[in-house]
Amino acid sequence: MAMAMNPIQVLQNGAEEEKAETARLSSFVGAIAIGDLVKSTLGPRGMDKILYSPTGQYGNGEPSVQVTNDGATILRSCGVDNPAAKILCELSKVQDDEVGDGTTSVTVFASELLREAERLVELKIHPHTIIRGWKKAVAVAREALNESAVDNQADPEQFKEDLFNIARTTLSSKLLTQHKDFFAKICVDAILKIRDDPKSTLESIQIIKKLGASLESSFLDEGFLLDKTPGQNQPRRVENARVLLANTAMDTDKIKVFGSRVRTNDIKSLAEIEAAEKEKMKEKVEKICKYDMNVFINRQLIYNYPEQLFADNKVMAIEHADFEGIERLALVLGGEIVSTFDNAENVKIGKCDLIEEVMIGEDKLLRFSGVSQGQACSLVLRGATEQILDEAERAIHDVLCVLYSTIKETRTVYGGGCSEALMAQAVQVLVEESEGKEQHAIQSFANALRQLPTIMADNAGLDSADLIAKLRAEHAKGNKHAGLDLYNGCVASMDDLKVTESFKVKRQVLLSGHEGAEMIMRVDDILKSAPRQRAPDRCM
């Protein structure tokens with residue numbers, strides 16, 4: 001009896017499957033496209049990209065424009081559909097969260113590894129053979145990086161200079177490169193303030209953006225700045241401040257008639273209800289004022305009546321402090337945010353020596369001096385446009401993250417393509433000692449490492465083939481400080497030029513890039529689930 005040869009459908013309607021070579025090719029194409037998207041931003045001569053969103057950054061309808069060369073920001077903003085491309089976007093995000101910088105490098109390195117792998121797969125080398133070769137190569141590269149790292153923690157002056165050089169190197173590829181010495185000094189001063197306090201984190205350094213003046217008008221302010229002003233008839237200056245931080249409703253002193261449904265027989269009843277609401281608010285303010293405090297900062301609005309009550313009690317009341325600001329305040333003042341005021345034992349009051357109003361540009365801000373934690377500071381950024389300020393903030397954030405990583409992991413390595421060339425040279429030695437097909441995979445790892453300085457040279461408009469050949473020759477001779485001087489278009493000593501980078505950043509680029517590429521290499525099947533069916537619109 002003949003059986004019907006009808007195909008059996010396993011996957012749901014609309015689901016897709018890509019198998020074997022098709023899946024691998026799809027992964028390679030997606031990952032390489034992402035690498036090509038961001039590689040033009042790599043290095044001190046990298047180009048910027050404009051990210052334009054017609055519906056606004058948060059989908060609020062207002063068109064937004066960002067000008068940036070930060071890899072994580074670019075990849076976070078562009079919508080990606082390819083699964084392998086999504087993995088590389090995640091790589092840059094993790095790099096940004098972990099160490100703050102190297103987001104473009106890690107993406108480009110992973111995509112270059114996959115570009116090399118695509119060529120090897122075409123030569124009929126199995127993906128697992130490539131992965132085995134890469135594992136041997138990454139172990140040798142990591143060992144070479146460890147050996148080249150320098151630790152100057154024992155010499156405070158030298159370590160401070162290392163931090164300064166790392167900040168300068170990080171800023172070289174950012175918008176602030178014209179003022180890198182100026183901003184490097186500000187960032188190092190800010191990090192050294194929080195280094196000795198175990199309770200301090202990067203949250204203790206606040207960045208405030210104010211339009212106007214030039215970038216060089218930016219400054220580091222001792223203490224904490226809050227972009228708010230006190231209420232009417234309240235003290236403008238408070239010494240020995242005891243601060244109660246709250247997140248509580250202070251806007252019910254009268255009935256919001258348009259938002260409520262109140263049934264009354266006459267206007268008199270409505271007036272009685274309003275009076276009751278007012279009395280309730282008065283009791284709440286009295287309860288707050290019983291605490292041993294003279295400054296009240298609330299995340300929510302404070303209406304006129306409670307503001308008047310606080311003024312009568314000589315309490316400075318600040319309303320509508322943004323949540324990030326009030327959380328950071330709680331951290332630096334040693335207080336806690338409260339929402340109920342019945343249990344006095346559970347309320348922790350923050351303290352500082354002085355709160356006063358200061359002018360920055362045309363705006364008034366409150367400065368908290370002598371905070372209980374003692375190490376807080378605010379970095380005020382000035383600039384001509386919002387785009388410049390936003391990009392400057394991203395650059396400063398990257399520098400602070402790298403410096404914070406460096407005070408935890410104090411080793412440093414040389415930049416300018418020096419570390420990549422050094423690791424590639426160590427892997428090249430392994431190539432000569434290896435046998436079989438793995439040799440091709442190890443060679444591909446060395447090629448991918450050399451691509452980073454090659455792309456930096458290309459972005460600077462230099463002859464990369466000539467420069468990389470010279471750099472490779474210098475490292476083969478044992479000159480372990482040789483790197484690319486992209487300003488003069490030659491190979492020079494990174495030690496003389498003071499081009500220093502954080503060991504932790506460089507190690508993270510190496511390991512994350514390898515792991516991301518290895519994960520994509522293991523893929524041989526891509527399953528896309530069926531799109532969710534939309535329910536038909538019902539006429540009401």
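**Close-up views of helix packing and a pocket**

**View 1. Helix α5 against helix α12.** The axes of helix α5 (residues 127-148) and helix α12 (residues 418-433) come within 8 Å and cross at roughly 130°, where axes are lines fitted to C-alpha atoms, for helices over the stretch in contact, and angles run from 0 to 180 degrees between N-to-C directions. The model is predicted, so that local features need pLDDT of at least 70 and side-chain atom pairs count only at pLDDT 80 or more, while totals for chains, interfaces and linings use all residues. Residues are numbered from 1 along each chain as its sequence is written, and side-chain values use heavy atoms, with hydrogens and water left out. α5 and α12 are therefore oblique to each other (angles under 35 degrees count as roughly parallel, over 145 as roughly antiparallel, 65 to 115 as roughly perpendicular and the rest as oblique). Lys-136, Ala-137, Val-140, Ala-141, Ala-144, Leu-145 and Ser-148 in α5 meet Ser-419, Leu-422, Met-423, Ala-426, Val-427 and Leu-430 in α12, contact meaning heavy atoms within 4.5 Å. This contact of α5 with α12 comprises 10 nonpolar, 2 polar and 1 charged residues.

**View 2. Helix α5 against helix α13.** The helices α5 and α13 pack at an angle of about 50°, with their axes 8 Å apart, which makes α5 oblique to α13. From α5 the contact draws on residues including Ile-130, Trp-134 and Val-138, and from α13 on Glu-438, Ala-441, Ile-442, Ser-444 and Phe-445. By class, the contact of α5 with α13 has 8 nonpolar, 3 polar and 3 charged residues.

**View 3. Helix α7 against helix α11.** Helix α7 (residues 180-195) and helix α11 (residues 386-408) have axes that come within 10 Å and cross at roughly 45°, and are therefore oblique to each other. Among the residues that meet are Phe-183, Ile-191 and Arg-195 in α7 and Ile-396, Leu-403 and Tyr-404 in α11. The residues of the contact of α7 with α11 divide into 12 nonpolar, no polar and 1 charged.

**View 4. The second largest pocket.** About 740 Å³ of space lies in the second largest pocket. Of the 40 residues that line this pocket, Pro-44, Thr-169, Ser-172, Ser-173 and Glu-501 are the closest to its centre. Elements that give two or more residues to the lining include α4 (103-122), α13 (438-459) and α16 (503-521), while α6 gives the most, with 4 residues. The lining of the second largest pocket divides into 14 nonpolar, 16 polar and 10 charged residues.

Definitions and conventions. Ala, Val, Leu, Ile, Met, Phe, Trp, Tyr, Cys and Pro count as nonpolar, Asp, Glu, Lys and Arg as charged, and the others, Gly among them, as polar. On a 1 Å grid over the protein atoms alone, a cavity is a set of points where a 1.4 Å probe fits but cannot get out, and a pocket is an open set with protein on both sides within 12 Å along at least five of seven lines; lining residues have an atom within 4 Å of a point. Grid points are joined across faces, edges and corners, and a volume is the space filled by probe spheres set on the points.
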